[in-house]
Amino acid sequence: MKNINLDFSKKVVIDTQQQPWLNSPMAGVRRKPLARSEDQVHVTSIVEYAANSYFSEHPHPQGEEIFVLEGIFSDQDGDYPAGSYLRNPPGSRHKPFSEQGSLIFVKLNQFIATDLETVRINTTTSKWLPGIGHLQVMPLHSVETQHTALVKWPAGEKFQPHRHFAGEEILVISGTFQDEFGAYPKHTWIRSPHMSQHTPFVEEETIILVKTGHLPLN
C-alpha cells in the first residue's frame, strides 16, 4: 500500500462522490482514502458504515478527528448524528459502530503533542457567529496555530483574496464552493499548501468545514 497525497507542497482536490469505495478489513465498512501514509499512520478518508456494522476496538496513538456527514455514528460513549464534530485525543480508544448506517470524514494521527482535548459538538444545535462580510462562523477547535470551524456562505457571497499561512483544508458539507480555479460540489475535499492564494465565492448557500494553520511550511 503506497503513500497517497502526502506531498503537502501540492494542492489536492478530490470530488469524493466520484471516488470508488475500497473495502476495509471489517464487513460493512468501506473507505475512500484522501491522504494516507504507507504504514497507515497518517490517514484522511471518507468512511461508510452500513447498517449494523462496526469496527474493532482500536487506539488513537496521535488522535482522531471526525465529522459525521450522514446517518448516526456511535461508539461506547454515545450516538453522534449527522453534523457531529468529534475529537478523540492521543492515547484514547474506542469501538465504533452504526446501527442505521453512517458516513463520516475522518483524520487519524494528526494531533500535535499539546492537543489533548476531547470534543463532542452537535453543530446542528450550536450557535453561528458573525464572520467577515456576510459569512457566519462556528468555531469547533483551536490549538496553537491550528483552527477548525464551519463556515456558512450565503448565496452570492464573495470573499477577499487571501493566502493560507501553514495551509488550508476544506470539506464541502453542502452546496457548491467556488474560486477562480474551479467549482467544488458537496463532499469535495480541498487541501491547499502553505502560502497558496485564492478568491473564493459561492452562487448558492454553502457550508464548508475548514482547518487552517496545520500544514508544513515547506
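Trainee: In S21, which residue is the bridge partner of Glu-168?

Mentor: This is a predicted model, where local features need pLDDT of at least 70, side-chain atom pairs count only at pLDDT 80 or more, and totals for chains, interfaces and linings use all residues. Residues are numbered from 1 along each chain as its sequence is written, and side-chain values use heavy atoms, with hydrogens and water left out. Strands are DSSP runs (E, at least two residues), numbered from the N terminus. S18 (residues 168-174) and S21 run antiparallel, joined by four bridges. Within S21, Glu-168 has as its bridge partner Ser-192.

Trainee: How many bridges join S1 to S21?

Mentor: Two strands pair if DSSP finds at least two bridges between them. Val-13 has Ile-190 as its bridge partner in S21. Ile-14 stands opposite Trp-189. S1 (residues 12-15) runs antiparallel to S21, and the bridges joining them number four.

Trainee: How many residues of S21 are buried?

Mentor: Buried means under 20% relative accessible area, exposed over 50%, and partly exposed in between (1.4 Å probe, protein chains only). One side of S21 has Thr-188, Ile-190 and Ser-192, the other Trp-189 and Arg-191, and both faces are covered. For S21 (residues 188-192), the buried count is five of five.

Trainee: How many residues does the largest nonpolar core have?

Mentor: Such a core is a set of buried Ala, Val, Leu, Ile, Met, Phe, Trp, Tyr and Cys residues joined through side-chain atoms within 4.5 Å. Trp-189 is among the residues with the most contacts inside it, as are Phe-67 and Leu-209. Elements giving two or more residues to this core include S1, S3, S18 and S23. The core's residue count is 21.

Trainee: Is Phe-159 buried or exposed?

Mentor: Phe-159 lies in the loop between S16 and S17. Leaving out residues up to four places away in sequence, Phe-159 touches Ile-132, Leu-135, Trp-153, Thr-199 and Pro-200, where contact means heavy atoms within 4.5 Å. Its relative accessible area is 15%, so Phe-159 is buried.

Trainee: Which strand gives the most to the lining of the second largest pocket?

Mentor: A pocket is an open set of points on a 1 Å grid over the protein atoms alone, where a 1.4 Å probe fits, with protein on both sides within 12 Å along at least five of seven lines; lining residues have an atom within 4 Å of a point. This one is lined by 20 residues, and Phe-159 and Glu-168 are among those nearest its centre. S16 (146-153), S17 (162-164), S18 and S23 (206-212) each give two or more. The top contributor, with five residues, is S16.

Trainee: What volume does the largest pocket have?

Mentor: A volume is the space filled by probe spheres set on the grid points, which are joined across faces, edges and corners. The second largest pocket holds about 380 Å³. For the largest pocket, the volume is about 580 Å³.

Trainee: Which residues are closest to the centre of the largest pocket?

Mentor: The lining has 29 residues. S3 (29-36) and S4 (43-49) are among the elements that give two or more of them. Closest to the centre are Arg-31, Gln-40, Val-43, Phe-55 and Leu-108.
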